[in-house]
Amino acid sequence: MDRIGLLSLPSHTPDAQALFDEDQEELGYVMNVSRLWSYQPDTVTALFELMGHALASADFSPRQRGILVCAAASSLGDSYCSLAWGSKLSKTASSALAAAVISGNDNGLADDERVMAAWARKVVRDPNATTSADLEDLRNAGFDDSQIFAMTVFVALRLAFSTVNDALGATPDAQLQRDAPAEVAAAVDFGRPADTVPRAL
């Protein structure tokens, strides 16, 4: 039986094909996460729309979003999103910086970015342990309360996406591993290992 992660492949539907077509157009291949979420294409579409809505008024740069996702995904141990977003962050920063954030080393970040990364990790690792002092650190770094709320919602939604992928066994695509900067690929030494050969539809 054909499988995606720990599940059997779902039935092919027009909505699933729309996910696949987006991947093909953007990446040149269909991602394993798209195959997995083809069980509920509308749900993953709505989830990503919600992520965008959460950040709509926060005015975070692509680099800041990359830092948030890399810090959160690596704290969870999610190899898939760490590879994908480490590669994205490499384009807006550098592969060395992306690899460092994935490894938990924020020395190359600006002060406000370090606070963002630290907050993302706390939200993932133990949200009940956050304190008013953590929020003061964010405020002192220049973030207002609406931005703090936005980044927290964004990280929580990314966590939901990663949790589904990881729990159901979605492995990083062979192409994703191949195309990642060497420093990023080396830093992602956790989570599920990438496929060794590309999957066929």
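**Note on the pocket and the cavity**

1. The lining of the largest pocket is made up of 16 nonpolar, four polar and seven charged residues, where Ala, Val, Leu, Ile, Met, Phe, Trp, Tyr, Cys and Pro count as nonpolar, Asp, Glu, Lys and Arg as charged, and the others, Gly among them, as polar. This is a predicted model, in which local features need pLDDT of at least 70 and side-chain atom pairs count only at pLDDT 80 or more, while totals for chains, interfaces and linings use all residues. Residues are numbered from 1 along each chain as its sequence is written, and side-chain values use heavy atoms, with hydrogens and water left out.

2. The largest pocket holds about 840 Å³ of space (on a 1 Å grid over the protein atoms alone, a pocket is an open set of points with protein on both sides within 12 Å along at least five of seven lines, and lining residues have an atom within 4 Å of a point; a volume is the space filled by probe spheres set on the points, which are joined across faces, edges and corners). Of its 27 lining residues, Asp23, Glu26, Leu27, Met31 and Lys88 are the closest to the centre.

3. At least two lining residues of this pocket come from each of α1 (14–27), α2 (32–37), α3 (41–55), α5 (79–92), α9 and α10 (174–179), helices being DSSP runs of H or I with at least four residues, numbered from the N terminus. The largest share, seven residues, is supplied by α5.

4. The count of cavities of 30 Å³ or more comes to one, a cavity being a set of points where a 1.4 Å probe fits but cannot get out. The largest cavity contains about 40 Å³ of space, and α4 (62–76) and α9 (145–167) are the elements that give two or more residues to its lining.
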